[in-house]
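Visitor: Please show me how features of a model such as this one are to be read.

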Amino acid sequence: MLSASLKIAGKDLRLCLRGAQGLAQTALLGLLIIFVFSLSRKPGEEVPALAAAAIFWLSTLFSQVLVFSGLYALEEGNGARMGLAMAPIAPQAVWLGKALAGLTLVLACQLVFGVAVAAFLGQSVSGSMPLALGCVVVVDVGLVALGSLMGALASGKTSRESLLTVIFFPLIIPVLLAGIRVLEGVILGGEGLDSSLDWLGLAGAFAAVFSAAALVLFPFIYTGEE
């Protein structure tokens, strides 16, 4: 299953990065959100670390919706969805492949968002940078596990596209809160980091629960129906 997932992820990344239009639009949306929020502060006013972390994750969240809408739209309209659903591979390989491709694209966007948060909101990482990156990846795993499942649920019929945003946002709240508190601790460093790391457990549990749910439900959600 892992081999098939890696091939699907590689195929999706090649298609998404060809021309880089989809990735550029996604990154620009996040940058626009960060820039608009930066206008709300007065010149010289310091943005609280908690607010900066919330803006970073909101940018990530909206960008992720675009990422998974685009990934599942790659097989729409040309019969490729039926071919992928009928391929002699485990159906869950499609979910995992889309999740891996989405994780790569989201991480690429977050590199841009991190620079934007530092430039527009005047934030910097006081703690360990490798630890900060590790914390972000743990939260991202939970986000893409649910995002890939919701992307499959919303694909296939135009009337179901709105489900991605209607169902996705309420479900994502626990891991979103965890990401905000963890990133706040990373920005503050010191004792703030120690207390914020407790939220990583919630992010890890979220990723485990929705990964397990996706492995069970995905074969019933992702069919050849267009």
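This is a predicted model: local features need pLDDT of at least 70, side-chain atom pairs count only at pLDDT 80 or more; totals for chains, interfaces and linings use all residues.

Guide: Residues are numbered from 1 along each chain as its sequence is written, and side-chain values use heavy atoms, with hydrogens and water left out.

Visitor: What span should helix H5 have?

Guide: Helices are DSSP runs of H or I with at least four residues, numbered from the N terminus. The expected span is 1.5 Å times one less than the number of residues. Helix H5 (residues 91-121) has 31 residues and should therefore span 45 Å; its end C-alpha atoms are 43 Å apart, which agrees. Just after H5, Gly122 adopts a positive phi of about 65°.

Visitor: How many aromatic pairs does the structure hold?

Guide: A pair of aromatic rings is described by the distance of the centres and the angle of the planes. Rings of Phe, Tyr and Trp (its six-membered ring) pair if their centres lie within 6.5 Å; planes under 30 degrees apart are stacked, over 60 edge-to-face, and the rest tilted. The structure holds three such pairs. One of them joins Phe35 and Phe120, edge-to-face because the centres are 5.6 Å apart and the planes at 70°. Phe35 lies in helix H2 (residues 21-38) and Phe120 in helix H5, so this pair ties together parts 85 residues apart in sequence.

Visitor: Which residue has Lys98 over its face?

Guide: A charge sits over a ring if NZ of Lys or CZ of Arg is within 6 Å of the ring centre and within 35 degrees of the ring normal. Lys98 lies over the face of Tyr72, at 5.3 Å from the ring centre.

How values were computed
Helices (H or I, at least four residues) and strands (E, at least two) are DSSP runs, numbered from the N terminus.
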